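Hello,

Please find the structure below. My notes on the contacts follow it.

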Amino acid sequence: MIEWNWLDKTLLKEVMKIINSKNYWKANLKIVLILLFFWFLASFGAGILFSDLLDKIKLGGFNLGFWFAQQGAILVFVFLIVVYCILMNRLDRKYRADKN
Amino acid sequence: MDLQILTYLMAGASFALYIGIAIWSKASSTNEFYVAGGGVHPVANGMATAADWMSAASFISMAGIISFMGKDGSVYLMGWTGGYVLLALLLAPYLRKFGKFTVPDFIGDRYYSKLARFVAVLCLIFVSFTYIAGQMRGVGIVFSRFLEVDINTGVIIGMAIVFIYAVLGGMKGITYTQVAQYCVLIFAYMVPAIFISILITGNPIPQLGFGSKIISEDIYLLDKLNNVLNDLGFNNYTDSTKSKIDVFCITGALMAGTAGLPHVIVRFFTVPKVRDARASAGWALLFIAILYTTAPAVSSFSRLNFINTINNSSYESTPVWFKNWEDIGLISWSDKNKDGIIQYAPGNSLNPVKPIFSDQRGINGERIVSNELTKNKNEIYIDRDIMVLANPEIANLPNWVIALVASGALAAALSTAAGLLLVISSSISHDLMKKIFRPSITDKQELFLARLSAAIAIGVAGVFGIYPPAFVAQVVAFAFGLAASSIFPALIMGIFSKRVNSSGAIIGMVSGLLFTSSYIIFFKFISPDLNFSDNWFLGISPEGIGVVGMVINFTFAMVISFFTKSPPEHIIKLIDNIRAPE
């Protein structure tokens, strides 16, 4: 009996580990894809593709498209990496809690 | 105090600091030499990465280039920062988890192939040497203008400094000198920018001054700049003139290239944990962003200042800096209409574009060029590289600010050169010798080889500095295009696909590399006369073609892997392991 119990537990642990790491990877990919969407939107979108359209809007002394291309995109990039670090650290913590 | 003495004092003090740090942090094992023992704090690594990344090109050239390109110059701002998002989200954490010494290490192990490792080493060496040539030129310019020594002497002094701390200290020495160099260079960049922003707009924050009204005038800086340029016959500063597809591709190539540059990636091997790798990518971009959001402000200030000071003033009354830079050969004036007054207008003033000076002086005292004068009204040739360096002089700032800028430019050039030399030396001693040709060498012998190859690489870099290849500017497109089309896709697929195998990866890298390099070589070296948009593939310039090379690499690698055997079981385990949390 004791032996079976032990086997069950290790097996369960192994299965949980695989499911866990699969979930972890999926959650990781989701975070990355969402953030990359905003990365594309700020630079290739606002800074290049729709830049001329946005230029019709004024932000102080800037045309908005020009501002995105020369300042805004960079600020968005910094913000995205900060958000990424926060989300991934949270995910790491959650995963570690699940494992215990 | 005299400018030259001040510059000597400041540059000398900064050099003493770098050497002091190098002696304090001497490397004693290959682990310390390659990755600083893997114990660097993420904030320190962020600063070191920022200094490593921001080269003479970022410090000296970028604002000048944007100053003359206006909105089209945004490709550099977005491209060279957006790459860090790719690096942070797609590469740095996984490569840190993999946790070895070099970029070819990952490619060689993941694709279980010495050939793959060898191809990666070739790409790495080519990319890195291309880059170093630019740094040495930067060192040469600063020395010749501010310290008034011969360019060759300047390059040799620079080499000696880098030699001491790169060869002695390895990655450990480089890391802590780069932290110091970041502090010097960012201070040197910000001080004149803040001064000039206050002078022109009254706002002490250049990023805001950029969008403010000009002092005592009721007009925004950028509107004023547009008006002034329109009056002279130029396009609007804030409008783009390049085609969208080209701007799109250049930005993409610079981003992917940035993320694929070995000397940047390797910095993320030096922190203790995966979460530190993520954090230090964030710190690095924050530290970079301080300079990169200031640069476009500096560009617009200096363009306006330049026009106001130079256009329609007589040569005799031009300030000292104008004549100083003319003496070095980076400015020239040819009085086309013989009125003794400088006219600035669109188009190149000379044919060929760069001035070829004769020994004679004209009636106003200007240096005479032997170029053919073009038909347009423009009488001025100005090398874009001098805008940042001359900016404090143009704005009449005190001498200590000018000396500071010179030290900052040296810090930017030396820190990048050292980082590049280190990845070259480690790829030779570690990847070529230890992993391919002489696996039996001991750690001590490998460390000696690493120092030896660093010393040789410095020698080669010095030769580039003393005899600068005429094509330095042209080959910069190469570095990013090659990194984007070879190293970057191989790393991405190595992490995000379990199916891509060694034959796929090798053929992918080689095809991306061949396509990109032949396109650039054709338009830049074989037929430069055909290098305009009608002849380009889909209207994409050689600067942006790396994106197409990248797509080719991805496509070939995936198709070939699909028709050949899956990677073996232990590789699947390796991938699972780099994806799993710590």
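In this predicted model, 46 residues of chain B are in contact (heavy atoms within 4.5 Å) with 40 residues of chain A. Between chain B and chain A about 3,900 Å² is buried, with carbon and sulfur atoms giving 70%; buried area is the accessible area (1.4 Å probe) that two parts lose on being put together, summed over both.

The rule finds 5 salt bridges across this interface, a salt bridge being a side-chain nitrogen of Lys or Arg within 4 Å of a carboxyl oxygen of Asp or Glu. R278(B) and D92(A) form a salt bridge through their side chains, at 2.8 Å from N to O. On the side of chain B that touches chain A, α5 (74-98), α10 (221-232), α11 (244-259) and α13 (274-310) of chain B each supply at least two residues. Helices here are DSSP runs (H or I, at least four residues), numbered from the N terminus. The largest share, 13 residues, comes from α5(B).

Within chain B, the axes of α6 (residues 103-110) and α21 (residues 569-579) come within 10 Å and cross at roughly 135°. Axes are lines fitted to C-alpha atoms over the stretch in contact, and angles run from 0 to 180 degrees between N-to-C directions. F106(B), D109(B) and R110(B) of α6(B) meet I571(B), L574(B), I575(B) and I578(B) of α21(B).

Residues are numbered from 1 along each chain as its sequence is written, and chains are lettered from A, ligands numbered from 1, in the order in which they are written. Local features need pLDDT of at least 70, side-chain atom pairs count only at pLDDT 80 or more, and totals for chains, interfaces and linings use all residues, while side-chain values use heavy atoms, leaving out hydrogens and water.

Regards
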